[in-house]
Each structure stands twice: as structure tokens, then as C-alpha cells.
Amino acid sequence: MEKKQNPSPDFSIMEAEDSTNLEKGQANIEGNQKPDSFLATQECPDKPGSGKVTLLGDETYPEGGLQAWLVVFGSWCGLLASLGLMNTIATFQTYVTTHQLSDYDEGTIGWVFSIYTALCFLCGVYIGPLFDRYGPRWLIGPGGLGVVASLMLLSICTKYWHFMLSWGILNGVATSLLFTPCITAIGHFFRERRGFASGLASTGGGIGGVAFPLLLESLFDSVGWGWALRVLGFVCLVLLLVANALVRKRLPAARNASPHPDFGILRERPFALLTAGVFFLELGLFVPLAYVSSYALASGFDERFAFRIVPILNAASVLGRALPGWAADRVGAFNTNMLSVCLTVLACYVVWLPFGHTTPGLVLFALMFGFATGNNISITPVCVGKLCGTQHYGRYYATCYTVVSVAVLLSIPVAGSIVKAAGGAYWGLILFTGLTQIVALVAMYAAKAASVGWSPWTVF
């Protein structure tokens, strides 16, 4: 298909590079087509909120080079601090449950961490559009200060409301300022290799999830809770200074870009189905992250092993973020995501449920679950990016995860209530986790079908 020259500066997206003119989201794309390749042509006026997708012309991507890889490294540092803390919530929850908040049940304590995870995503409803319009610098700076302040305040917390304010609210809002820019900035430098680059950056969260629990476990014994949290705060400060210096955007904002959210994009069927899939994916994902250490203690394992099962899970997550990201660029982001969800279901029902009370069974579950969900975390943003233009990536990503924030708000308290209803047994929690992943798989396959047809072999 030949590109038409048009003198007008106003543009909207249509499909390019193949002989078939196909709108974004339309089904029945042939396997050799590229539904995520876009070319700009004249369409819409320069009106904020017009609902049109307005790009500035043919987009090219470096796909490498010093600046691009420095952005990946900066994102890695930002995600090491932000997602690393998120992947350490089982260590935090297990410690405060047996120390400062020992008078509260697990469901009540779970609200502190569920509000934290919910705010990490919920606040993105404005952060994504702000990134699209103004860039990352004024988001990562305040977010970094908020995360460090939260850890310093957490070190002196003694009451339930202290934890709710310093961790649940302050850290949740601050992390949301980091999470979206660090993920979406990579999309400004990579298109064909976006899965690999995003996966590489997101390994930071997995490495943080390995290093932070081990660091805290050793410091809890030697210097106590307070100084353990302060040391962790200084580590995060260094990482976030590097992130603020290196993460940047490349493409200018779309001419009709608005800093306000637009839930009208949920009327696009593929995007709505993908959002539903991610909703159920995240509804189950945070349950083992929060409760695997408590499960280990309830199953008779000692406290040292219970704390170390989290680093094992996150170590597998590092590989799960990097390797499938490379594969996603070849077989399709949706395909690798769905394969990983299948692995999560097997981990829950074939390993954790029957054999989780044994050491080999629990370790194998942690490895399988960590690897599979590591891929989901790194590749899901790439799936979102396949359904929109890069200059609106932040808006689509933020809208998706704003809806998902409801799931993460409910997941940890609901799981705690399931354990309480089962008399302290965890079989109901395991069944619940696996069921959420099955629903997520169905919704993601439907989203793929709405975009490229029902064939499982289509690369997408």
C-alpha cells in the first residue's frame, strides 16, 4: 500500500504496510499482517477530547542505541524500587501480622496492602495522560520522594492507622507516579523489540522482589524493624534518582492530547475484553504474593523458610519477565501471555493444591507461579500497546489499570476472608486464585479473536 502525501498537519491512524486496509480492532487479519503497524493520514481536527487518534506523521523507532537503552536502564531502576517493594508485600504483611498488628485478623491487615496496590493502579487514570502530554520528569521526581518518605515513616509505625496512611495511601499514590512512566517510556523507543525491552526493564521488579526480602530478613535480626526500613529507603532513593535522570519520552504529544482520562475507549471491543482479562489476572496474581509466606507458616514451615519462599518466587519472576519478552516479539504478546496464564492455572491446581504442604511442592509452585506471572506483568503492557497508537499508549495503559485497580483493592481482603471462612485452611484461597486465571484466559483469547480472528496460530 503506497503512502499518500498530504500537506495537512492533522492526522489520525489507519493500518499500513499491508495491502489490506483494516481498522484497529477489526477481526480476520491474515497471519502475515501487522495489526500494530500504523501510518498517519488526514482525519481529524485539532480538538482536545474529540475522541480521534491524532498522530504527527510516520513514526519511526530507534529499536536500540545509547539513549534508548539508557531509558530501559532508568526504567529498570525505577521498577526495581517500585515493583520491588510491591513484590515484597508478603514479607511486610507476615512481619506486621506477627508483631505490630498481631491483634488484628489477616483480612483487616490485608486492607492496608490492598489499598496500596489499588492506588498504584487507580491513580494512573490521570498519570498516563499526563505522561503523554508532559513527559516523565515531573512524575518520577515527586513519586520517588513519596516512596522514600513512606518507608521512613513506616519505620516508626506502631498502630493500624499509621500503616494505612504511610504505606497504604502515601506509598500507593507515590508508586503510581513511578509505575506508568517507567513502563510507557519504553514504547517511545521500541516497537518491534518492545516485548524484549519491556521485559528486560521489568526484571527490576523481580530482582527487587528477591533482594528486598533477603535484605529485610537479615536486617530484622540485626538492627530491627526501624533501621531495616530506613536502609531500604536509602537504597530506593539512589535507584529513583537514577530513574529520574534517565527516563524520558521521545515522541511529541498528539495534537488533541488531553490530560484528562477518557473511558470512552472502553467502547473498543478488543480493548474492553483485554481490560476484563487483566482485571481477573490481577485479581488472582496478588493473592499468592501476599499470602504465600502466611501459607507456609500455617503449613508448619519455620519462619526463615516462610520468608525465603518470596525471594524464590521473585527469582523465577525475573526469568519470566525477560525470556518470554524475547519470545513475544516473535510469536506475539497475546500468545505468550495466554500460555503463561495456562501455566499459572497448572501451578495452582496441579502443584499448590495437592502438594503445597510439602517443601518440594511449595518450592515448585513458587517457581512456576513466579515465572508465569513475571511474564504477565511485563507483557500485558505490550498487549495494550498493540491496540493503540504509541502517542496514546499512556492513556490506554492508564485506563486499563484504573479498572484493574478495583481488582487489586478486593483481592487481598477477599482472600483473607476466604481463609477465615475455611477455618484457617487455604484450599479455598487456592481454588479462588486458579479460577480467576481461567476467567482471565477466556477474556484474553476473546480480545485476540476480536482483533485478528479465532485462529490460535495467528501471531498477535
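Q: Are Phe179 and Tyr401 buried or exposed?

A: The model is a predicted one. A residue counts as buried when its relative accessible area is under 20%. In this structure Phe179 and Tyr401 are both buried. The ring centres of Phe179 and Tyr401 lie 6.4 Å apart with the planes at 80 degrees, so this pair is edge-to-face. Phe179 belongs to helix α6 and Tyr401 to helix α13 (residues 393-421), so the pair ties together parts that are 222 residues apart in sequence.

Q: How many aromatic pairs does the structure hold?

A: Two rings pair if their centres lie within 6.5 Å, and planes over 60 degrees apart make the pair edge-to-face. By this rule there are 20 aromatic pairs. One of them joins Phe92 and Trp225, which are edge-to-face at 6.4 Å centre to centre, with 80 degrees between the planes. Because Phe92 is located in helix α2 and Trp225 in helix α8, the pair ties together parts that are 133 residues apart in sequence. Phe92 and Trp225 are each buried.

Q: Which residues do ring pairs link into a cluster?

A: The cluster consists of Phe92, Tyr95, Tyr116, Phe163, Trp167, Phe220 and Trp225. A ring can also have a charge over it, as in the case of Trp227: the charged end of Arg230 sits over this ring, 4.9 Å from its centre.

Q: What do the secondary structure and the contacts tell us about the protein as a whole?

A: The secondary structure amounts to 14 helices and two strands. Among contacts with a separation of 6 or more, 84% are between residues 24 or more positions apart. As for burial, 61% of the 460 residues count as buried.

Q: Which residues of α5 are buried, and what do they pack against?

A: An α-helix has 3.6 residues a turn, so residues three or four places apart point the same way. In α5 the buried residues are Leu139, Ile140, Gly143, Gly144, Gly146, Val147, Val148, Ser150, Leu151 and Leu154. The buried residues of α5 pack against α1 (66-86), α2 (89-98), α4 (124-134), α6 (160-184) and α8 (224-246).

Q: Where is Arg137 found, and which residues does Arg137 touch?

A: Arg137 is found in helix α5. With a relative accessible area of 37%, Arg137 is partly exposed. Not counting residues up to four places away in sequence, Arg137 touches Pro142, Asn244, Ala245 and Val247. The C-alpha atoms of Arg137 and Pro181 are 8.9 Å apart, while 44 residues separate the two along the chain.

Q: Why does Gln93 count as buried?

A: Gln93 counts as buried because its relative accessibility is 0%. Gln93 lies in helix α2. Leaving aside neighbours within four places in sequence, Gln93 is in contact with Glu106, Ile109, Gly110, Phe113, Ala290, Tyr291 and Ile412.

Q: Why is Val318 buried, and which residues does Val318 touch?

A: The cut-off for burial is 20%. Val318 has a relative accessible area of 18% and is therefore buried. Val318 lies in helix α10 (residues 303-331). Leaving out residues up to four places away in sequence, Val318 touches Thr203, Gly206 and Ile207. Between the C-alpha atoms of Val318 and Thr373 there are 9.9 Å, and the two are 55 residues apart along the chain.

Q: How many disulfides does a search of the whole structure find?

A: A disulfide requires two cysteine sulfur atoms within 2.5 Å. The search of the whole structure finds zero disulfides. Cys342 is partly exposed at 32% relative accessibility, whereas Cys348 is buried at 0%.

Definitions and conventions: Residues are numbered from 1 along each chain as its sequence is written. This is a predicted model: local features need pLDDT of at least 70, side-chain atom pairs count only at pLDDT 80 or more; totals for chains, interfaces and linings use all residues. Side-chain values use heavy atoms; hydrogens and water are left out. Buried means under 20% relative accessible area, exposed over 50%, partly exposed in between (1.4 Å probe, protein chains only). Helices (H or I, at least four residues) and strands (E, at least two) are DSSP runs, numbered from the N terminus. Contact means heavy atoms within 4.5 Å. Rings of Phe, Tyr and Trp (its six-membered ring) pair if their centres lie within 6.5 Å; planes under 30 degrees apart count as stacked, over 60 as edge-to-face and the rest as tilted. A charge sits over a ring if NZ of Lys or CZ of Arg is within 6 Å of the ring centre and within 35 degrees of the ring normal.
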